[in-house]
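Please look over the following structure before reading the briefing.

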Amino acid sequence: MVKPLKRILIGGLLLFLYLPIIVLALYSFNASEYLGRWEGFSLKWYGALFSNAEIAEALYYTLGVALLATIIATAIGVLASIGLFYSKAKIKKHVMTANYLPIVNPDLITGISLMMFFVFFRARFGFSTMLLAHIIFDVAYVIVVVMPKMMQIDFAQVEAAMDLGANQWVIIGRVILPQIKQGVLAGALLAFTMSIDDFVISFFTAGNRATNLSIAIYSMARRGIKPYVNALATLMFVGIILLIFFINRINDSKKDNENGRLIG
Amino acid sequence: MKKFDGIVYFYGIWVAVLVVLPLLILVLLSFTSGDIYDLSSLTLTLDNYKAALDPSYIGVMMHSLWLAFITNVICLVIGYPVAYIITGLNPRIRNTMVLLILAPMWSNFLLRTYSWMLVLGNNGPINSVLESIGLGTVQLMYNNFGVILGMVYNFLPFMILPIYLSLTRIDNALVEAARDLGATSKDVFFKVKLPLSMPGVFSGTTLVFLPAITTFVISRLLGGGQYVLIGNLIEHKFMVQNDWQVGAAIAVIVAIILLVVLGVLRKLARGRLELSLW
């Protein structure tokens with residue numbers, strides 16, 4: 001392909017991907033309440049955002065669920081990856097197939113099936129049902145990221161530890177984990193961003209008592225656009241992008257392999 | 001290894017109860033009538049499927065399939081050349097490009113979709129420009145255009161990444177061998193690179209088509225209130241009408257269609273279908 005054409009295509013793609021983010025950021029600094037009119041630079045929507053109790057509560061649900069789900073799902077996912085990696089091929093195959101279900105299944109189907117599941121067991125909808133739902137899909141992603149890293153483990157070290165009488169927790173903590181650290185970090189980061197990103201599964205599993213940011217934005221967007229949502233969106237975009245570039249920097253300086261870097 | 005058997009049992013039960021059982025409950029429920037809060041009142045029936053196959057619902061289904069198909073074609077037409085160009089860049093720029101393409105995906109899905117409401121709106125930047133050059137405002141959302149654009153925006157990286165990964169995996173020795181045997185650049189592309197990157201195309205198609213067919217957020221925000229896709233219909237049955245059993249039946253029908261699509265793509269990809277970007 002000719003060079004200018006390549007440039008135009010890549011440039012066009014980046015413009016397409018970042019245009020809405022740029023527009024959002026610009027509007028968040030607009031003094032006017034109306035979209036079409038620019039009335040000068042202002043930080044008042046950021047002020048309105050920080051004094052909005054509804055948003056503060058939604059932020060608490062989003063970050064609380066994302067942090068807890070990431071920690072729990074990473075622990076379960078890493079242990080499961082280690083166990084499955086050393087288990088019989090047949091068991092590994094079946095469990096891995098089931099593990100792919102939450103990843104391949106459209107969110108909508110996962111969401112309504114979990115909602116039915118919670119109704120079936122008479123669970124009280126709220127923070128805990130939303131948290132459990134997030135842990136369920138996060139674990140699946142953690143396993144998909146960590147499992148390939150298990151291949152890099154020097155099995156002689158595991159055998160040596162066993163010969164010297166180490167129990168499974170010592171083997172995991174002292175021999176395996178140090179060798180798959182990068183994968184664990186990548187898995188945790190993916191779980192965190194998946195939680196922050198999610199709307200559909202939260203929507204069906206949160207009930208009326210818990211409203212995270214996605215759910216709040218959904219109901220606000222249906223009622224009409226509020227300028228402080230632009231401020232919120234800008235902060236979230238900037239926060240996530242900084243987080244990713246920061247983690248990527250760490251990975252870069254550690255000269256990790258390319259796959260690890262792709263994730264963050 | 002015996003030492004880790006306990007963990008495997010734990011995770012096996014975890015998956016069975018928290019992943020497989022909810023799906024089974026959904027399927028079972030679609031065959032029942034009665035009050036789902038009172039299990040003894042439930043009776044087996046096929047009525048939900050009769051209701052789900054109502055002609056107007058089939059129309060909605062066809063429209064959803066059509067929009068998902070168009071979205072997929074657009075993603076492929078943009079995504080393949082982009083993936084191909086990125087593969088040819090030097091490794092350092094290449095990684096940055098991949099990161100730039102993925103970064104918006106790591107924010108929040110709802111914010112990404114919401115942001116297009118601002119861009120496409122009657123007071124948005126595009127219409128302001130059109131207005132100022134005397135072309136007047138154009139309805140850019142609350143129609144098919146808005147919905148397809150929202151879907152392409154949200155799902156395009158899922159097309160680019162698998163194609164990019166399959167292109168980077170092509171053994172350069174094959175390309176060199178083809179060149180040595182006198183192949184032109186065109187031959188190398190059509191006879192070596194394109195066939196070897198097809199698994200990426202099929203993986204990308206899976207990753208775009210599945211979420212596109214079931215979305216209800218994009219159609220709600222960029223399609224407007226009366227705009228209905230199959231995802232909106234299911235959501236409405238569950239969250240508004242409380243008609244869970246018919247909703248479950250529609251969901252099962254959608255899942256069967258998706259399984260068929262997945263099966264065909266898997267066959268085409270000859271077992272090299274990757275169902276996750278990660």
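**Briefing: chain contact and aromatic pairs**

Between chain B and chain A there is 1 salt bridge, a term for a side-chain nitrogen of Lys or Arg within 4 Å of a carboxyl oxygen of Asp or Glu. This is a predicted model, in which local features need pLDDT of at least 70, side-chain atom pairs count only at pLDDT 80 or more, and totals for chains, interfaces and linings use all residues. Residues are numbered from 1 along each chain as its sequence is written, chains are lettered from A in the order in which they are written, and side-chain values use heavy atoms, leaving out hydrogens and water.

**Contact between the chains**

- The salt bridge joins the side chains of A:Asp197 and B:Arg112, at 3.2 Å from N to O.
- Helix 1 of chain B (residues 5-29) gives the most to the side touching chain A, with 16 residues; helices are DSSP runs of H or I, at least four residues, numbered from the N terminus.
- Chain B brings 81 residues to the contact and chain A brings 95, where contact means heavy atoms within 4.5 Å.

**Aromatic pairs**

- Over all chains, the whole structure holds 30 aromatic pairs, meaning rings of Phe, Tyr and Trp (its six-membered ring) with centres within 6.5 Å; planes under 30 degrees apart count as stacked, over 60 as edge-to-face and the rest as tilted.
- A:Phe203 and A:Phe204 pair edge-to-face, 5.3 Å centre to centre with 75° between the planes.
- Both A:Phe203 and A:Phe204 are buried (under 20% relative accessible area; exposed is over 50%, partly exposed in between, with a 1.4 Å probe and protein chains only).
- One aromatic cluster is formed by A:Phe117, A:Phe118, A:Phe120, A:Phe121 and A:Phe125.

Key
Helix = DSSP H or I, 4+ residues; strand = E, 2+ residues; numbered from the N terminus.
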